[in-house]
Structures are given as structure tokens and as C-alpha cells.
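Colleague: I would like to learn how to read a model like this one. Could you take me through it step by step?

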Amino acid sequence: MTTPGRLPYPISLTGDGITLREWRDEDLDELVAMLDEPDIARWTPMPSPFDVEAGIAYLKRARQGRVSGQRMQLAITADGGKPLGEVLLFGVDVGLREAELGYLVGAAHRRRGLARRSLTLLSGYARSTLSLNRLLLRIDAGNTASIAVARGCGYRLTGEPPILQEGPHGSTSLDTWESVPTGGGSRMERLRNVAARRYGRRV
Ligand SMILES: CC(C)(COP(=O)(O)OP(=O)(O)OC[C@H]1O[C@@H](n2cnc3c(N)ncnc32)[C@H](O)[C@@H]1OP(=O)(O)O)[C@@H](O)C(=O)NCCC(=O)NCCS
């Protein structure tokens, strides 16, 4: 990262037929239509039903996270226009050079490679520009679609214990998936990182 611990803002990333851009206030209606949906309610921590009030709060929080440089929360678009989904990067640990990513795609736009292309684009940016090494996804073992996206982008399941959560639409058991550069980071280094995160100690 250019300034340690602070993510660049604003940005726009283009490649492979998509543009990831900052959310705008004018996206409110599209955002609400996209997030008020059963799969999003089941597999993500979004409030459900997701109404206009939730949308306003969501865009406000996204803006705060972007301005403060704490997270990346970008709309997936074809050409910078209408939002089709969202891809995120958060929980950056500068010392361990790792961060977590997430994604969702509107129901009407699924199975067109949008999640795969967005995750690939943001993962590449995280490596090349943010100098992050280990990228993480947390995915419920029952979320077939998300697992297919993770695999398709070269992420692999780690042996870390699942994170159990109770939500209004059922319980989730989140497995940790990781992407580390080929040849980069020895097995020992990765195990040390796991230990450091688990016990709150940097090595
Ligand atoms: C998971 C999600 C983002 C996938 O988005 P998408 O744009 O449809 O995914 P893609 O089109 O990029 O698909 C990537 C791969 O996953 C596969 N895939 C996608 N949906 C699938 C499904 N329901 N079942 C099986 N495979 C699926 C595709 O066939 C593709 O495989 P391929 O690369 O071998 O062709 C979308 O279903 C979604 O938003 N779900 C609800 C929110 C969510 O679960 N987010 C992730 C939380 S961890």
C-alpha cells in the first residue's frame, strides 16, 4: 500500500470486460433491488428485508470505509454504469500482508462470470498494487456457487477451523479459503501466519 494501512480512494479497475468502480448515491435503487434477495440474505450478513433505509445506511458505511481507507467496496459494472454486483477487500493486516475479500452478484446477472472476473481483478490489484501476499475468503460449506467462484479463481481450502455464526436465515459455518502466489510463501510461513492470527501474535 502507498500509505501503510490506508487503502487508495477513489479508484476504478478495468479488465476482462468489467469495471469495478466506487459506489454512488444514485445507485441506491439498483443496490436495494440487488441486495433484497434470498441468496444474499442466506449467505451474506446483509439485513433482510433489505429496504431503502438499509440501502442508505449501506452506502453511507461504504463511503466511510472508503474515505478512511479501511476497506475497498466496489460496484461491479460492465462499463462503469449500472451496478451488477459488489466486490470487497477488508480486514487488511499490513504486518502479515493479508486481507479478506468478498463478493456478490445480482440474481439477474449470475452465471456470466462476473464474480470470477471481479475476484480475479481485485485479487490481482491486491497483489500488485497493495503488495498483499495472502488473500482470504470465508465461505459456508453449503454455498456451492461461491465455492465454485473461489476454486475458479485459484483459491484453495485451508485446514483452519470453521467460523460458526447464527443468523436470522440459518446458521453458517465459514471455511477459510486462501490464495497465495505460486512459489511465494513457504508452508512454514503460512502456518506461522495462521498461528499469528489465531493467537494474535505477529511473527
Ligand atoms: C456466489 C455468486 C457471487 C456467484 O456469482 P456469479 O457471477 O454467478 O459467478 P460466476 O458466473 O463468476 O461463476 C463462477 C463459477 O462458478 C460456477 N457457479 C456459479 N454459480 C453456481 C451455482 N449456483 N452452482 C454451481 N456452480 C456455480 C460457474 O459455473 C463458474 O464456473 P466455471 O468458471 O467453471 O464456469 C452469486 O451466486 C451470489 O451473489 N450469491 C449470493 C451471495 C454470496 O453467496 N456471496 C458469496 C458469499 S461467500
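Modeller: Happy to. Let's begin with how elements are named: helices (H or I, at least four residues) and strands (E, at least two) are DSSP runs, numbered from the N terminus. This is a predicted model, in which local features need pLDDT of at least 70 and side-chain atom pairs count only at pLDDT 80 or more, while totals for chains, interfaces and linings use all residues. Residues are numbered from 1 along each chain as its sequence is written, and side-chain values use heavy atoms, with hydrogens and water left out.

Colleague: Which element gives the largest share of the shell around the ligand?

Modeller: That is α5, with 4 residues. The shell holds 19 residues, and Val-105, Arg-111, Gly-113, Arg-116 and Asn-143 come nearest.

Colleague: How many residues of each class does the shell have?

Modeller: The classes work like this: Ala, Val, Leu, Ile, Met, Phe, Trp, Tyr, Cys and Pro count as nonpolar, Asp, Glu, Lys and Arg as charged, and the others, Gly among them, as polar. Here the shell has 9 nonpolar, 4 polar and 6 charged residues.

Colleague: Which polar side-chain atom lies 2.8 Å from an oxygen atom of the ligand?

Modeller: A polar contact is a pair of N or O atoms within 3.5 Å; within protein, one must be able to donate a hydrogen and the other to accept it, and residues adjacent in sequence count only if both atoms are side-chain atoms. The side-chain atom you ask about belongs to Asn-143. The backbone takes part too: an N or O atom of Val-105 is 2.8 Å from a ligand oxygen, and a polar backbone atom of Ala-115 is 3.1 Å from one. As for cover, the ligand on its own has 930 Å² of accessible area, and the protein covers 74% of that. Such areas come from the Shrake-Rupley method with a 1.4 Å probe; for residues, only the protein chains shown count as cover.

Colleague: Now the interior. What share of the 203 residues counts as buried?

Modeller: Buried means under 20% relative accessible area, exposed over 50%, and partly exposed in between (1.4 Å probe, protein chains only). By that rule, 46% of the residues are buried.

Colleague: And which residues touch the most other members of the largest nonpolar core?

Modeller: In soluble globular proteins, nonpolar side chains tend to be buried together. A nonpolar core is a set of buried Ala, Val, Leu, Ile, Met, Phe, Trp, Tyr and Cys residues joined through side-chain atoms within 4.5 Å. In the largest core, of 32 residues, they are Leu-89, Tyr-103, Leu-122, Leu-137 and Tyr-155. Helix α4 gives this core its largest share, 6 residues. A second, separate core has 14 residues, including Leu-28, Leu-35, Ile-40 and Tyr-58.

Colleague: Is Asp-93 buried or exposed?

Modeller: Asp-93, in strand β4, is buried because its relative accessible area is 16%. A polar atom of the Asp-93 side chain lies 2.9 Å from the backbone nitrogen of Leu-96.

Colleague: What about Asp-16, buried or exposed?

Modeller: Asp-16 counts as exposed because its relative accessibility is 55%. Asp-16 sits in the loop between β1 (12-15) and β2. Contact means heavy atoms within 4.5 Å; leaving aside neighbours within four places in sequence, Asp-16 is in contact with Arg-116 and Arg-117.

Key:
A residue is near a molecule or strand if one of its heavy atoms lies within 4 Å of it.
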